[in-house]
Amino acid sequence: MVEEKNKCEACDRNFKDAEGLAAHNKAKHPELMPKEKNTLPIKKIRNWGIFIIILGLFAWGVYALVTASNSFDELPAAEINIGSHQNIALHIHSDLKILIDDEEFLIPANIGILPGIMRPLHTHDSTGEIHIEGPYARDFTVGEFFQIWEQTFNSTCVFEYCTIPGVGEMEMFVNGEKSESYDNLILRDGQEITIEYHSF
Ligand SMILES: [Zn+2]
Ligand SMILES: [Zn+2]
């Protein structure tokens, strides 16, 4: 008695065993053959796909990390937005005092702070304390603070007060010592910076 389970679905022929049916299918109906051979490459392709996606995500993560630290390293402070006080690895303070003919010039609160923007150099009050903050350690200059403030400071002028023979002189002191660094001075923790202008 030939078992019905070994019947070819396509041409209704009965075979005495599964091998006979398989041999018939292989010869006459290759499309009916079990798809085992095909599932292997599909699995392989899928695994490779997953591998490539993971590799891509990893490469993207490394790239994002490197470009974030690069842009923090390379951009002028006025073009950096640290967003908030979160993830602050760098947090130091310098004190800035500006004297115009012995009168202290008020350095306003919230320089470098706008809705949705926090520059790495900013003030929180009008004491002249400059906060130097960011997700990575790097150097900033006092000139960058003036850029954020949108005020002039260079080797000859503070605001509109300039060193002009016979008119007046601008000088800079760092921790009480006269400095020629001017706007290129690198801000350090605990530094006392005084900019003085004297009319003659
Ligand atoms: Zn601070
Ligand atoms: Zn701050």
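Residues are numbered from 1 along each chain as its sequence is written, while chains are lettered from A and ligands numbered from 1 in the order in which they are written. In this predicted model, local features need pLDDT of at least 70 and side-chain atom pairs count only at pLDDT 80 or more, whereas totals for chains, interfaces and linings use all residues.

An automatic or database domain assignment divides the protein into domain 1 (4–74) and domain 2 (79–199). Their C-alpha centres are 64 Å apart.

Turning to the strands (DSSP runs of E, at least two residues, numbered from the N terminus; a pair needs at least two bridges found by DSSP), E9 (residues 168–174) runs antiparallel to E11 (residues 191–199), with seven bridges joining them. Here Phe173 faces Thr194 of E11. E9 also pairs with E10 (residues 177–178), again antiparallel, over two bridges, and Val174 is set opposite Glu177. E9 and E10 make a hairpin with two residues between them, where Asn175 in the turn has a positive phi of about 50°.

The largest nonpolar core has 26 residues. Such a core is a set of buried Ala, Val, Leu, Ile, Met, Phe, Trp, Tyr and Cys residues joined through C-beta atoms within 7 Å; buried means that 20 or more other C-beta atoms lie within 10 Å of a residue's own, with C-beta atoms placed from the backbone. Helix H3 (142–149; helices are DSSP runs of H or I, at least four residues) gives the most to this core, with five residues. Ile148 is among the residues with the most contacts inside the core.

Methods
Buried ≥ 20, exposed ≤ 12 C-beta atoms within 10 Å, placed from the backbone.
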